[in-house]
Amino acid sequence: ASFTSIPDYRHRHLLRPGLTGLAQLVGGYSSAPADKLRCDLLYLSSRFLRLDLRLIGATAMELLRGFPDD
């Protein structure tokens with residue numbers, strides 16, 4: 001399946017790359033592209049410092065306990 005066939009997938013490119021993202025923390029790296037898109041669009045529409053701080057905290061917790069093997 002091509003990513004270009006997913007409606008609004010091009011909007012993922014509006015996000016700057018970071019250490020991790022909402023999609024990786026919620027669904028892991030093996031989640032479906034449409035699910036990653038939904039998480040990224042949610043993040044894009046609600047970018048607030050508090051959300052970024054929660055993502056940083058969740059990332060730190062995942063690093064301490066080890067990311068799942070998926």
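What is the volume of the largest pocket? In this predicted model, local features need pLDDT of at least 70 and side-chain atom pairs count only at pLDDT 80 or more, while totals for chains, interfaces and linings use all residues. Residues are numbered from 1 along each chain as its sequence is written, and side-chain values use heavy atoms, with hydrogens and water left out.

The largest pocket has a volume of about 530 Å³. Its lining has 18 residues, and Arg16, Pro17, Gly18, Thr20 and Gly21 are the closest to its centre. Here a pocket is an open set of points on a 1 Å grid over the protein atoms alone, where a 1.4 Å probe fits, with protein on both sides within 12 Å along at least five of seven lines; lining residues have an atom within 4 Å of a point. Two or more lining residues come from each of helix H1 (22–27), helix H2 (33–45) and H3, and H3 gives the largest share, four residues.

Turning to the overall fold, the protein contains three helices and zero strands (DSSP runs of H or I, at least four residues, for helices and of E, at least two, for strands). The C-alpha trace spans about 35 × 30 × 15 Å along its principal axes. Of the 70 residues in the protein, 24% are buried (under 20% relative accessible area, with exposed meaning over 50%, 1.4 Å probe, protein chains only).

Helix H3 covers residues 49–65 and includes Leu49. Leu49 counts as exposed because its relative accessibility is 60%.

Methods. Grid points are joined across faces, edges and corners, and a volume is the space filled by probe spheres set on the points.
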